[in-house]
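Here are my notes for you on how the strands of this structure pair up. Have the picture open while you read, and trace each strand as we reach it.

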Amino acid sequence: MTVTVAGRAPASFEIKSANLPLVALLLKSNDLDLLARELQGRFGDIPDFFDHDPLVIDLAPVGDTPVDFARLVEMLRAYRVMPVAVKGGSPEQMEAARNAGLADGGDALALSAPSAPTPALPQGGREEQPQIPPSALVIDKPLRSGQQVYARGRDVVVLAMVNAGAEVIADGHIHVYAPLRGKAIAGARGDAGARILTLCLEPELVSIAGVYRTSEVAWPKSVRGKPAQVRLVDDKLVMEALNS
């Protein structure tokens with residue numbers, strides 16, 4: 001016999017499932033001293049690159065070697081990311097991670113950018129206006145050596161010269177309608193479809209989604225000093241002259 005017991009929903013809380021866009025750290029070594037140096041080299045000059053983003057640590061690349069999770073979490077929080085889970089580890093690693101307060105990420109998906117939520121219909125059934133994506137950051141003055149620009153979550157358009165020693169960073173595309181002689185880092189949060197376009201390609205460094213090349217290797221004559229674009233194809237940087 002089935003028995004139904006009358007109950008009452010709690011007034012102070014409600015439990016629901018939720019989807020959370022995450023960034024991911026693919027841990028390739030348990031040498032945290034090396035990681036500290038490389039994090040400093042990559043993000044030390046960009047203190048606002050992350051904005052307290054939730055992060056999942058993917059242990060698959062590191063194998064089954066022990067990891068000091070307490071130190072790793074402290075190190076990552078210094079760069080304004082919030083480790084919340086691990087995935088892909090051995091049973092021993094996962095147990096150590098749980099002891100450090102990290103959840104089992106399981107099949108958590110890491111996104112290069114949060115997906116736009118489907119707008120809900122307000123009371124009355126009227127559809128809300130669609131959200132307008134952020135416009136490009138426009139810089140109309142030359143960037144001198146030591147200056148840095150970061151376009152979070154959008155493209156950047158530079159209308160003047162990017163001098164040697166200056167740095168332009170964007171989560172999207174980079175357009176430089178003048179000589180590019182400093183550093184250009186597009187797709188900074190992993191967007192492999194981002195591109196770098198300039199009227200005069202003479203940079204110290206170009207990077208897309210973490211794949212980079214420096215001027216230590218001479219730029220191809222077909223693009224050096226000319227209107228050109230840089231894009232990523234099969235994890236390789238491709239440089240192409242733009243038709244005039």
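1. Begin with β12 and strand β13 (residues 211-214), which pair in the antiparallel sense over four bridges. Strands here are DSSP runs (E, at least two residues), numbered from the N terminus, and two of them pair if DSSP finds at least two bridges between them. Look for Leu205, which stands opposite Thr214 in β13. The hairpin of β12 and β13 has two residues between the strands, and Ala209 takes a positive phi near 50 degrees there.

2. A word on the source: this is a predicted model, where local features need pLDDT of at least 70 and side-chain atom pairs count only at pLDDT 80 or more, while totals for chains, interfaces and linings use all residues. Residues are numbered from 1 along each chain as its sequence is written, and side-chain values use heavy atoms, with hydrogens and water left out.

3. Which strand do four bridges join to strand β12 (residues 205-208)? That is β10, and the two run parallel. Here Lys183 stands opposite Leu205 in β12.

4. Strand β10 (residues 183-186) also pairs with strand β8 (residues 167-170), in the parallel sense over three bridges. Glu167 stands opposite Lys183 in β10.

5. Now find the open sheet of six strands, in the order β5-β7-β9-β11-β14-β15, with mixed pairing. Its edge strands, β5 (137-139) and β15 (236-241), each pair on one side only.

6. Within that order, β7 (residues 156-158) and β9 (residues 174-180) pair in the parallel sense over three bridges. Val158 stands opposite Val176 in β9.
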